[in-house]
Amino acid sequence: MLRDNLTRVLETIERAARKSGRSAREVDLVAVSKTVGLERIREAAHSGQILFGENYIKEAADKIPQLPDTLTWHFIGHLQSNKARQAVELFDVIETVDRLKVAKALDTYAQALNKQLAVLIQVNIGREPQKSGVLPEETEVLCRRLADETNFRPIGLMAMPPFAPDPEESRPYFKELRRLAQRLARLNLFADNADVALSMGMSNDYPIAIEEGATLVRVGTALFGER
Ligand SMILES: *Cc1c(COP(=O)(O)O)cnc(C)c1O
């Protein structure tokens with residue numbers, strides 16, 4: 001069943017990419033495994049999925065060391081500086097850097113542990129008070145301060161639009177994130193300005209995110225079922 005879900009999601013990615021004149025190879029599926037047990041993650045891995053996303057450091061610290069080290073892990077939750085060391089130990093990519101303090105803490109431990117860590121900047125694209133992320137108009141300044149005060153150049157941007165029952169309502173936010181990334185790329189603020197990662201789209205709206213340029217889609221429910 002999980003294998004069927006995975007096949008369906010990969011086919012949907014393929015279709016959405018083709019519809020927008022892109023190749024599905026430009027889009028990586030992050031299987032969001034928060035609250036999902038080890039057996040089901042192993043099952044997904046056996047079906048060929050190698051990239052996973054987790055939201056909570058404590059849960060990740062319980063699970064990741066018990067899983068094959070061939071898997072790749074993205075942190076997609078809210079990160080506090082006092083968890084930065086564990087985040088560096090556990091994860092390959094931190095998608096949710098939204099302030100300098102966290103970036104500096106990650107940088108310190110990445111240096112100390114000699115770990116190659118990639119980061120994305122989380123943008124609060126809907127300007128929602130309850131959500132994490134830097135405001136769109138403050139993203140350039142954060143990128144510049146990262147360049148000045150850490151060893152990081154972000155590989156891209158991540159965002160979660162306001163929840164809406166109709167996925168089409170996410171489209172303008174995805175467009176805005178892509179435009180912001182294009183503008184920052186022209187200012188040479190990314191690690192690779194010709195290949196900027198855009199992490200956007202979840203179970204209910206990932207086909208639309210792909211049409212709008214997503215290179216990472218974060219899908220949980222459509223793979224593992226309701227949490
Ligand atoms: C939980 C979560 C997802 C996955 O959501 P689904 O609707 O289950 O696909 C994606 N991104 C973030 C940041 C999440 O917290």
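E54 touches S33, K34, I41, E59, A60, K63, W73, H74, F75, I76, G77 and F91, leaving aside residues up to four places away in sequence (contact: heavy atoms within 4.5 Å). The model is predicted, so local features need pLDDT of at least 70 and side-chain atom pairs count only at pLDDT 80 or more, while totals for chains, interfaces and linings use all residues. Residues are numbered from 1 along each chain as its sequence is written, and side-chain values use heavy atoms, without hydrogens or water.

**E54**
- E54 belongs to strand β2 (residues 51–54); strands (E, at least two residues) and helices (H or I, at least four) are DSSP runs numbered from the N terminus.
- Because its relative accessibility is 0%, E54 counts as buried (under 20% relative accessible area, 1.4 Å probe, protein chains only).

**Aromatic pairs**
- Two aromatic pairs occur in the structure (Phe, Tyr or Trp rings, the six-membered one for Trp, with centres within 6.5 Å).
- The ring centres of F75 and F91 are 5.2 Å apart with planes at 70°, so this pair is edge-to-face (planes over 60 degrees apart).
- F75 lies in strand β3 (residues 72–75) and F91 in the loop between α4 (84–90) and β4 (93–97), so the pair ties together parts 16 residues apart in sequence.
- F75 and F91 are both buried.

**Helix α5**
- The buried residues of α5 are L100, V102, A103, A105, L106, D107 and A110.
- Their cover includes α4, β4, β5 (118–123) and α6 (139–149).

How values were computed: Buried < 20%, exposed > 50% of the residue type's maximum accessible area, 1.4 Å probe, protein only. Phe/Tyr/Trp six-rings, centres within 6.5 Å; stacked < 30°, edge-to-face > 60°.
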